[in-house]
Amino acid sequence: MGTEDKNWSSDSDLEETVNDDLRSACNWPEKRYTVLKERDLRKLQEEDITEISTVLYIATASATILLRYYDWNVVRVQEAWFANEEKVRKDVGLLLENQLATIQSIESTIKCPICFHEFPRDGVCATFCGHLFCKLCWTQYVSKNISEGPGCLKMQCPEPSCAAAVGQDMINDLVSDEDKEKYSRYLVRSYVDDQRNIKWCPGPGCEYAVGFIGDNLGYCFFGDSSIYDVVCNNGHSFCWNCLGEAHRPVDCDTAGKWTMQNSNEPENLTWIFANSKPCPKCKRPIQKNQGGMHMTCRCGFEFCWLCLSDWSAHWESAGDYYSCNVYEKARAEGVYDEEEKIKKEAKDYLDKYAFYYERFVENQKSRLKAAESLQKFKSRDLAMLRYSYYKTDVELDFITDAWQQIMECRRVLKWSYVYAYYLPTSEHVRKPLLDYHQGEAELCLERLHECAEQEIQKYILYPQEDDAAGDFIHFLRKLRDLTSITRTYFENLVRSLENGLSEVGSR
């Protein structure tokens, strides 16, 4: 279980290790998705190719071309083929394979149309169309296409007017092992890209894919949901649907809206207060970037920058004077009262955002810090505890499980604040229940975090004390119990949020 100690150069480097072996801490009741290695994908792909080759009585290279053309959909290939084989062959670039032998048998010496050298018949070859080129020109042509990327999967005959497809059998006969492997990988990637229920893990450098079993695309960390949080075998946790960060208990639209909002506002809160005014309609802060006083908000509302009144009613018909250049005490007091009201509403909006954003960020920081602590424990403290207390790795797994649970709960907790931020004001009656579940879960998590982070230090720093061995056993039991209790609290939190806080409605 030991690993090398690492110096984390950035949060993104650390994030790659956050969910290592996370499933063991998550206690999933049933696994409804599968993590696929490249060899698993190749096997699935080969099974589809074999099925088409067997059913349609064609070569495997031809079956591969057909499946690639129809997005690796076995049913579509069969339906199209049996409906009109001749049309499919023409569309895909598969001429009848006996035509090649007829064309090749005409002459014993052939001039290559590319290099203009003459070659014996065994020095030239052709794809399904029968256009013959020397093997050297073919090799250079195929290698160049492969070097240019996945577009080589749609490679056609070098004859400009010909649309015949180039099969994998020719590629394997002509190019180097390196090019064969590249082409094979492109095939695998195209297979995954065209599948409805398989996606590549978006983790940096990760080559795993994640596929959902059957048609159920709704399994996540704490139970059934329309959200798709998964973890690949490299420990990358992500949302299978949007390929962003795992974001239970909020849905993809809410997570995307929060991410977009964060890209603009957090660095500018102070500036916004000092240099903007709120739109009288939607209350979003607006900066004046032109000389005129006629403002148009993104929401479409047009108003005066000086008095914040509706621009369409800004000119008064009586006297034809500009309404906000005339000072009238009673009127001015009313305008200023309204302006102060709007400013207060805008400030409340920004205060609310700052409140939830801070808690979102701090829980993410705690999550990354927990990941760092777990790595340090594995690389530095695990061996010492094993030696000092004569414990096996299995017995010490309670500590690893605790840190993994802390990381996952920090993730859930930070997104629960996003849920609370976007909770409609009309749902104010449900807010106390949200606060209750969130508060109870957070309190329990803090107890677990403190136990794993601070209480363990006694046994790491002072293992030789007389009562340390007995106390350490009690510590492991306490940590195990806190981990289990914390998991239960967060199950309740997520279940409540994903059910729309329905407990209130049932009372």
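**Close-up views of the predicted model**

**View 1.** Helices H14 and H15 are roughly antiparallel to each other, since angles over 145 degrees count as roughly antiparallel, those under 35 as roughly parallel, those from 65 to 115 as roughly perpendicular and the rest as oblique. This is a predicted model, in which local features need pLDDT of at least 70 and side-chain atom pairs count only at pLDDT 80 or more, while totals for chains, interfaces and linings use all residues. Residues are numbered from 1 along each chain as its sequence is written, and side-chain values use heavy atoms, with hydrogens and water left out. H14 covers residues 393–421 and H15 residues 431–455; they pack at an angle of about 150 degrees with their axes 10 Å apart. Helices (H or I, at least four residues) and strands (E, at least two) are DSSP runs numbered from the N terminus. Axes are lines fitted to C-alpha atoms, for helices over the stretch in contact, and angles run from 0 to 180 degrees between N-to-C directions. The H14–H15 crossing is left-handed; this term applies if the near helix is turned anticlockwise from the far one by less than a right angle, and right-handed applies if clockwise. Residues of H14 in the contact include Trp403, Arg410 and Tyr417, and those of H15 include Leu434, Glu442 and His449. By class, the contact residues are 12 nonpolar, three polar and four charged. Ala, Val, Leu, Ile, Met, Phe, Trp, Tyr, Cys and Pro count as nonpolar, Asp, Glu, Lys and Arg as charged, and the others, Gly among them, as polar.

**View 2.** The axes of H3 and H4 (residues 60–69) come within 8 Å and cross at roughly 110 degrees. H3 is therefore roughly perpendicular to H4. This crossing is right-handed. On the H3 side, the contact (heavy atoms within 4.5 Å) is made by Asp48, Ile49, Ile52, Ser53 and Leu56; on the H4 side, by Thr60, Ala63, Thr64, Leu66 and Leu67. Six of these residues are nonpolar, three polar and one charged.

**View 3.** An open antiparallel sheet has three strands in the order S1-S7-S6. S1 (33–36) and S6 (198–200) are the edge strands, each with a single partner, so one side of each has no neighbour in the sheet. On average, neighbouring strands are turned by 25 degrees against each other, direction ignored. Two strands pair if DSSP finds at least two bridges between them; four join S1 to S7 (residues 209–212). Val35 stands opposite Val210 in S7. H3 (residues 38–56) lies across S1, S6 and S7 and runs at about 105 degrees to S1. H10 (residues 177–193) lies across S6 and S7, at about 125 degrees to S6.

**View 4.** The loop between H4 and H5 (74–83) contains Trp72. Phi of Trp72 is near 60 degrees, a positive value in a residue other than glycine. Trp72 is buried, with a relative accessible area of 3%; buried means under 20%, exposed over 50% and partly exposed in between (1.4 Å probe, protein chains only).

**View 5.** The loop between S9 and H11 contains Leu243. Leu243 has a positive phi of about 60 degrees although it is not a glycine, and is partly exposed, with a relative accessible area of 38%. Pro249 is also placed in the loop between S9 (237–239) and H11 (252–262). A cis peptide bond, with omega about 15 degrees, joins Arg248 and Pro249.
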